[in-house]
Each structure stands twice: as structure tokens, then as C-alpha cells.
Amino acid sequence: MKQIRQTLQKEVTYNAIMNMMGHPTAEEVYKAVHEISPHISKATVYRNLSALEDKGVIRRIPKLGTGSDRYDKNMVPHFHAKCKLCGKIFDVMLPLDGVLEKAKVMDDENFNLISYQLILEGTCSECRLKE
Ligand SMILES: [Zn+2]
Ligand SMILES: [Zn+2]
């Protein structure tokens, strides 16, 4: 019975993030889950997000400076741009095929690349309009 409940809670978390726009924080996913299933605890939602990340269903964008880690359901390879003023995250398409092979890791010629993150920082057009 416990197993079934855990699976259902994972499904609620999964459905919540799939119905959200953009790149929500764990807190935002929890709020969305809470509206549907108020009995699911924050710890459970956070654990389910980690489990979904481990499975490769969603991915985590580590926080940049201030703010929280965010989750991304778009698994097509892409990068992110972050607005320094409002913190909004935008998807960035940037073909890097063949470019990373040329990357030189200083002081370790045999460094084995497993993954990489690239975050562009700037100000979004909405924030610039307000200025
Ligand atoms: Zn902005
Ligand atoms: Zn994204």
C-alpha cells in the first residue's frame, strides 16, 4: 500500500511540473502540488523532484548567484539566459557541436568531460522597458 501511495505522489509531482511554464523552483512546484493534493509534504515533493532528475525525466539548473535551483522539463539540449533584474530564465539554442572538443582544460590535458552548464546573464526586454 505504501508503494502505491509513493507512486501516486510521484505522479502528482510529475504532472504538476509538466503543466508549469518555464523553469520553476522546487518551491513553486510544491505550491502547484499543494493546490491539487494538500496532504503531500514539501519533503516528499523535493524528494520526488530529485528522483525524476535521477531518471532523466527533468533536469536541474543549478542556481546562479542568488536564487534557487530550478527545474526544466525540456530535455532537448539547450542553454539558459538569466535576467539579472527579475531572475527569469530563458531557453537559449546554441549549436556547440565540435566546439567543446576544442575546449582546453588548463593543467589537466586528460580531463574527462561528463556534462557542462552555460548560463548567459543579462537584462530581459521587459525589465529594460520598465527602466
Ligand atoms: Zn527581467
Ligand atoms: Zn530550459
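How many Å separate the centres of domain 1 and domain 2, taken over C-alpha atoms? The two centres lie 26 Å apart.

This is a predicted model, in which local features need pLDDT of at least 70, side-chain atom pairs count only at pLDDT 80 or more, and totals for chains, interfaces and linings use all residues. Residues are numbered from 1 along each chain as its sequence is written, while chains are lettered from A and ligands numbered from 1 in the order in which they are written.

**View 1. The division of the chain into two domains.** Domain 1 covers 2-61 and domain 2 covers 76-130. These bounds come from an automatic or database domain assignment.

**View 2. Buried and exposed residues of helix α2.** Helix α2 spans residues 26-36; helices (H or I, at least four residues) and strands (E, at least two) are DSSP runs, numbered from the N terminus. Ala 26, Val 29, Tyr 30 and Val 33 are buried in α2. Down the helix axis, the buried residues of α2 fall within an arc of 100°, so they line one face of the helix. The arc is that of the directions from the helix axis to the C-beta atoms. Glu 27 and Glu 35, on the other side of α2, are exposed. A residue is buried if 20 or more other C-beta atoms lie within 10 Å of its own, exposed if 12 or fewer, and partly exposed in between, with C-beta atoms placed from the backbone.

**View 3. The packing of α2 against helix α3.** Helix α3 is made of residues 42-55. The axes of α2 and α3 are 10 Å apart and meet at an angle of about 120°. That angle makes α2 oblique to α3. Axes are lines fitted to C-alpha atoms, for helices over the stretch in contact, and angles run from 0 to 180 degrees between N-to-C directions. Angles under 35 degrees count as roughly parallel, over 145 as roughly antiparallel, 65 to 115 as roughly perpendicular and the rest as oblique. The crossing of the two helices is right-handed (left-handed if the near helix is turned anticlockwise from the far one by less than a right angle, right-handed if clockwise). From α2, Ala 26, Val 29, Tyr 30 and Val 33 meet Lys 42, Val 45, Tyr 46 and Leu 49 of α3. Two residues are in contact if their C-beta atoms, placed from the backbone, lie within 7 Å.

**View 4. Ile 36 in helix α2.** Ile 36 has 12 C-beta neighbours inside 10 Å and therefore counts as exposed. Apart from neighbours within four places in sequence, Ile 36 is in contact with Val 12 and Ala 16. The C-alpha atoms of Ile 36 and Ala 16 are 8.7 Å apart, at a sequence separation of 20 residues.

**View 5. Tyr 71 in strand β2 (residues 70-72).** Tyr 71 counts as buried because 21 C-beta neighbours are inside 10 Å. Its contacts, leaving aside neighbours within four places in sequence, include Ile 17, His 23, Pro 24, Ala 26, Val 29 and Leu 49. Ile 58 and Arg 60 are also in contact with Tyr 71. Glu 53 is 18 residues from Tyr 71 in sequence and 8.6 Å away, C-alpha to C-alpha.

**View 6. Ile 58 and Gly 56 in the loop between α3 and β1 (59-61).** Ile 58 is buried, with 21 other C-beta atoms within 10 Å, whereas Gly 56 is exposed, with 8. Not counting residues up to four places away in sequence, Ile 58 touches Ile 17, Leu 52, Glu 53, Tyr 71, Asp 72 and Lys 73. From Ile 58 to Asp 72, 14 residues apart along the chain, the C-alpha separation is 5.6 Å. For Gly 56 and Lys 84, 28 residues apart along the chain, the C-alpha separation is 28 Å.
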